Amino acid sequence: MMNCELLATCSALGYLEGDTYHKEPDCLESVKDLIRYLRHEDETRDVRQQLGSAQILQSDLLPILTQHRQDKPLFDAVIRLMVNLTQPALLCFGSVPKEPSFRHHFLQVLAYLQAYKEAFASEKAFGVLSETLYELLQLGWEERQEEDNLLIERILLLVRNVLHVPADLEQEKRIDDEASVHDRLLWALHLSGLDDLLLFLASSPAEQQWSLHVLEIISLMFRDQNPEQLAGVGQGHLAQEWRTDVAELEVLRQREMAEKKTRALQRGNRHSRFGGSYIIQGLKSIGERDLVFHKGLHNLQNYTSDLGKQPRRVPKRRQAARELSVQRRSALNVRLFLRDFCSEFLENCYNRLMGSVKDHLLREKAQQHDETYYMWALAFFMAFNRAASFRPGLVSETLSVRTFHFIEQNLTNYYEMMLTDRKEAASWARRMHLALKAYQELLATVNEMDVCPDEAVRESSRIIKNNIFYVMEYRELFLALFRKFDERCQPRSFLRDLVETTHLFLKMLERFCRSRGNLMVQNKRKKRKKKKKALDQSVASGSAPYSPEELEAMWPSLAEQLQCHAQDSELSLDSVIPFDAASEVPVEEQRAEAMVRIQDCLLAGQAPQALSLLRSAREVWPERDVFGAQDISPEEEIQLLKQILWAPLPRQQGLEEQGAEEEDEEEEEEEELEVVQVSEREFNFLDYLKRFANSTVLRAYLLLLRSYKQNSAHTNHCVVKMLHRLAHDLKMEALLFQLSLFYLFNRLLSDPAAGAYRELVTFAKYILGKFFALAAVNQKAFVELLFWKNTAVVREMTEGYGTLDGGSSSRRLPGWSPEEEAQLRELYLAHKDVEGQDVVDTILAHLKTAPRTRRQVIHHLVRLGLADSVKDFQRKGTQIVLWTDDQELELQRLFEEFQDSDDVLGNIMKNITAKRSRARIVDKLLSLGLVAERRELYKKRRKKLAPSSLPNEEESLHDFCQEDLEEEENVPEKENEEDEEKEEGSEAEQAQDGSVLSTEYLGQSLHQEGFSAPLLWLQNCLIRAADDREEASCSQAVPLVPLTEENEEAMESEQFQQLLRKLGVRPPASGQETFWRIPAKLSPTQLRRMAASLSQAEEEEKLQLGLESKVPGEPGLEEEHQQEEEHQQAEEHQKEHRAHALRTHLLARKKKAGLVSPEEEGTNGGKEQLIMAPKKRQLLDSDEEQEEDKAPELGVPGIRKKKRFQIEDDDESD
C-alpha cells in the first residue's frame, strides 16, 4: 500500500489527458519532494518500490520530459529524479542479497527497472535527450556553466542506467533475429541521433572528461553482440551463417534417425504381455547371486545400477558457476546499425578514446574496476577489426607491449584476489574472464599481423612476439590459470577461452621457435637468502681498538686540523645530519650513535667532519649541553673532541647483548629473504610443453571435452590438439590412460552423430590402441586407469617399475644381489637402535656396493620387510633428536663449569660437541633438573660499579652513552605516595623502633649460614635509598631487585624474609607486585640505622675471625684495609690525567645549571655534580668523598658508594 504523503506528492505532479500532460502548479516542488523521499528511503528501498508500483515514470515523468522541455528547472529536476529511479538494483542493495526477504525486494526493484526500460524504448524520449545534449555540446567551454556540465553528466548517466537494465529472458522468450526490448531501445537511440553524439564525444579532444561515460554506454550497447558475427552482416556472410545452421540441423537429424533405427531393431515382431525375467551372468546383485533383470531384453543396454536411486544433492557452494553472459543475434536492422557504428568508431574514435581512458586509469582518475570497460572495448573492437577488414593502424593505440603488460598485470591481480577474497570470488572471476578475452584478442591480432602483406606490419609483429616470448611471466601465465581453475567460481566459458588462448599461444610460440634457430628467453629463479646477523660495528668497519700510545700519536695532527677549523663558526652544517631519519630508533635516543660517529671521524683522521658533526648534534640535542654549551669556546670544543676520542664508547654490541638477555627459550631463526635471480637461457619448446603434462591441466581439458556436443568445432580442435601434443610429441600416451577419459571416449564412439567429430574419434582410437598395446605387456595398466598420473609414473608404466630410482633408462642401475641384501640387512639390524644418528646415513657410509641413493636404500628396506613404511625414515627438523648418555653427561659437566658465568646457555652452546638448538638444550636442562625454570638461563648483566678512583667525567660520559644503547633492566614502578601512606601507616615506624636489636641477631645467624653477600647487597640498597631521599625533594618506594642467583635464593629464604620484615621492608602486593619494597615513609636516618645494624653484625663476625686467625708477621684487618686504600689512591693518580680533559666541559654544564659557586670555578677538586636526566634515570659515576666521611659518624664502615647525579627536569629547574 502506498504511503499517504507519497501518494499526495504524486497526485500533485499533474495528470495525463489523452496524449497531453497537464502539470500542476506545484509540479516542480513535488518532483523535489520525491527526490527528497528517495534520499531517505530505508534499506528495503520502499519508496522506490512504491513509485515503481504506481508507474510514476511511465505515467508522469516521461510525459513531463517530452512535453515540458522548455521549463528548464522542471526539466532538470525530472532528469535528476529519473537518474535516481533508474539506478541499478545492484547499486541500490550493494550486492545480490542472500536473505530471502531482501532478495524479494531486490527482485521487485529489478522488475520495475525492466518496466522502465520498456517504457524508454520510444523515439520521443531519446529525441528530447538527444536535442538537449546537442544544444549543450554546441556551447564552448568558456560559455558552458557548471549547471550545463551537470546536466550533460545526468543525461549520460540516465542513458547508461536504462541500457544497464538486464533483459528478462523468461518473459521475453525472444529467438534470434527477433527484436527484443534491448534491440528496440537501441533502435530508438539510433533514430534520435544519440549515437552520433556519442561518436562526437568519443572523438573530440575537448570532451575528454566524458570518456569513461561514453565507453560504458558503448559497452552496454554491444552487450549481447558477437564481434565476428557483427562484422559479417551484409557482406555476403549470411550464406555462411545459413550453411552453419544447416550443418547443425543435419547433426541433430542424424542423431534422431539413428535413435529411431535402434528402437526399430530392438522391437520384436510379436508383442508379449509377459516380458519375463532374466539372469545376467557376471553381474552381481547386492548379494553373491547374479542380477535378476525384470524388463525386456531391448531395455538391457539402458540398465545402470543407479536406476531408482535418489540423485545426490550437490551443495550450493560446490555447484558449478553459471553462465551470466548470453549472446544472441539481434534484428537485422539493429545489427546493420551497430556494424556501421563500429566502423565509424574504429575510424575516428578508437585510438583517441582508448588513450584517454588509459590515461585516466593510470592517473587513478577513474572509479574502482573501471578498467573492465577498457578491457572489454579492447577485446570487442580489435576482434571486429580483425573480422571485418584487418587494418592494424585503426587499433594501434592498444597494439603494443605496454598493453600486454597492462592486461597481464590486471589478470594476475584478479587471479590473486580470486584466491584470497573468497566471498567475492565470482566477481573477481568475471573480471579475470574479461582480462583473458582481451589477452586472447591481443594474441590473435598479433598472429593476424604475421600474414599481412605489409612488411612493416610483419616486422612490428615480430618485435612484439620477441618481447612477449622473452619475458617469463607471459609464458607462465597460462600454467598458473590452469592450475588454479575452479569451476565453482569460473564458468565453462572461461575455461573455453583459456583453452583457445593457450592453443593460440602455443601455436605462435612453436612457429616462432621454428623460424628462429635458437631463442633466448628470460629465466627467473627465486633464491632464498638468509639474512646474516648484524655484526659488531667495530668489527664490521674493520677497525680494531686503538692503544693509548696510538691515540697519543694521532692527536697532534688532529689538534692541528681542529685549530684551523675551530674558528670557522659557519662551518657547513647543512650537509651533516647527526641522526638517521629512517631508523626505527627515535631521534631523541640516537645521541649515543652520534657520539660514536664523531669518534669514528676522529679515528679516520677526518677532523673537520667530526667538528661539523659535533656542532650539528649540538643543534639537534641542545638540552643538558650533552655536546657542549651553545656559547662554548673553540678551545673547549677541541678539549671535548679529545675526550671523545679517548672515551671507551660502547658500540652496537650493547644492543645485541640487550637483545640476548630478553630473548625467549626458542631458537632464533634467521630471516629468509627471497632474492630473484634473473638469467638468460636457450628456450626449448618441448621442455616448455612438459610443464602442461600434469593431472591438474588434464582435468581442466577433460572437463571441457565432456561437453563436446555443445562446443564449437574450433574448441574441440583446441582440446584435441593439446592432448595430441602431450601424447604424440612428448611420447606420453600413458598420461591419458584414465578411466574418466576412456568413459568419455566410449560415449563418443557410441554417439550416432560421431561422424561430425572425426578428429575426436581418430584421437580416441589412437589412445585406446596405445593402451591395449601396453596392457598386453603390463597387466597393471588396468589398475593404473583408476588414478591420475604424473610424468614419473608414466615412465614407470612404460619402461618398467623400479626405474624411477635409477635415474634415466640409459643408466639403469642393476638390482640388489643376495650379498648386497645380506649386507644391507646386517647394517640395518646393527644400527637401527643407535640413538643420535640417522640409520640410513650410517648404512650409506658403510655400504660396500654400487653407489646407492638414500631413496633406493629406504625403498629396498621396505621391500625386504625390515621397515613398515618410508615415513619411518623421514628426517624431522634437526638431525639430532635423541640424547645419548655421554651427551647428557657432557651437558651436565658444561653446566657445572659455566653455571657461575654471565651467559650459561651461550657458553654451553659454544662448547657442546653435538650441536643442537637453544630450545632443545633448555628443555634437556629442565628435564635433568639442573635448573628449575627457564629464566635461570637468561644472560646475566653485571652492574658496572666504578670505584671512587675512576675519574668522574670519563665515567659519566661512558654511562651516558651506555644508557642510550642499553635499556635499564629494572625500572622501578611508580607508585602513588598517598596509597603507600594509607597501606603502611604507622606500621613501618613501629617496626623500625624495635628492629635494630633483633636484626643484629638475625644478621649474625644469616652470616653464619652463608648469606654474607646478600646482606651486603641489602645494606647497599638501604644506604642508596637514604642518599636518594636526602638529595631528592620527595621519596617513593624503592623495589629490591635481586640481579644474581645468590640474591634470588636469599630473597626466597624464610629467615631472610623475616629479617626484611623486622627492618620494615614491605612484601610485594598479591597479583600486582613482584619485588619487596623499601617504604616511602622511612627517613634517611632510619635507613642508615638499619644499614648500620647489619654492618655491626658483619664487623663483629669479621673481627672475631680476624683475632683468631691473626699471627705474628701477617698484617691484620686494619693493615689490609690501609693497603687497599693506598692501592686505590695509586690507581686514582694513574687515571687522573684521563679525566682532566672533560673538566672544562662539565664545568660549563654546571655553570648553565647554576649549581657551582664562584669559589668552585677555579678548583678542580671537591664535589662535582652533573645534572643529567636522560629518560629520568639515575646515573652512577664515581665515589663521593663526603659520603665516606659521613659513614664513620653513623657507625657505618667505609663502604664504597657510587656518586649519584640528581635527576631534574627542565621544567622543575625553571
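## Salt bridges, a hairpin and a surface patch

At 24% relative accessibility, D71 counts as partly exposed. In this predicted model, the side chain of D71 meets that of K23 in a salt bridge, with an N to O distance of 2.8 Å. The pair links distant parts of the chain: D71 lies in the loop between α4 (56-67) and α5 (72-85), while K23 belongs to strand β2 (residues 20-23), 48 residues apart. K23 is likewise partly exposed, at 35% relative accessibility.

### Salt bridges

Side chains of opposite charge can pair when their charged atoms come close. The structure holds 31 salt bridges. Three of them are set out below.

| Pair | N to O distance | Source |
|---|---|---|
| D71 and K23 | 2.8 Å | side chains in a salt bridge |
| R69 and E131 | 3.8 Å | side chains in a salt bridge |
| E888 and K924 | 2.8 Å | closest N and O atoms |

The salt bridge between R69 and E131 has an N to O distance of 3.8 Å. This pair also joins distant parts of the chain, with R69 in the loop between α4 and α5 and E131 in helix α8 (residues 123-138), 62 residues apart. R69 is partly exposed, with a relative accessible area of 25%, and E131 is partly exposed at 44%.

In the salt bridge of E888 with K924, the closest N and O atoms are 2.8 Å apart. Here the link runs between helix α40 (residues 885-898), which contains E888, and helix α42 (residues 918-928), which contains K924, across 36 residues. K924 counts as buried because its relative accessibility is 16%, under the 20% limit.

Besides these pairs, a network of salt bridges links E41, R45 and R48.

### Cysteines

A disulfide is a covalent bond between the sulfur atoms of two cysteines. A search of the whole structure finds zero disulfides. Among the cysteines, C27 is buried, with a relative accessible area of 2%, and C489 counts as buried at 13%.

### Hairpin of β3 and β4

Strand β3 (residues 278-284) pairs with strand β4 (residues 290-293) in the antiparallel sense, over four bridges. Within this pairing, I280 stands opposite L291 in β4. The two strands, β3 and β4, form a hairpin with five residues between them.

### Nonpolar surface patch

L739, V783, L786 and F787 make a nonpolar surface patch of about 390 Å². Of these residues, L786 is placed in the loop between α35 (781-784) and α36 (791-799). L786 is classed as exposed because its relative accessible area is 52%, over the 50% limit.

Notes. Residues are numbered from 1 along each chain as its sequence is written. This is a predicted model: local features need pLDDT of at least 70, side-chain atom pairs count only at pLDDT 80 or more; totals for chains, interfaces and linings use all residues. Side-chain values use heavy atoms; hydrogens and water are left out. Patches are made of residues with over 30% relative accessible area and no salt bridge: like charges are joined within 9 Å, nonpolar side chains (Val, Leu, Ile, Met, Phe, Trp, Tyr) within 5 Å. Accessible areas come from the Shrake-Rupley method with a 1.4 Å probe; for residues, only the protein chains shown count as cover. A salt bridge is a side-chain nitrogen of Lys or Arg within 4 Å of a carboxyl oxygen of Asp or Glu. Buried means under 20% relative accessible area, exposed over 50%, partly exposed in between (1.4 Å probe, protein chains only). Two strands pair if DSSP finds at least two bridges between them. A disulfide is a pair of cysteine sulfur atoms within 2.5 Å.
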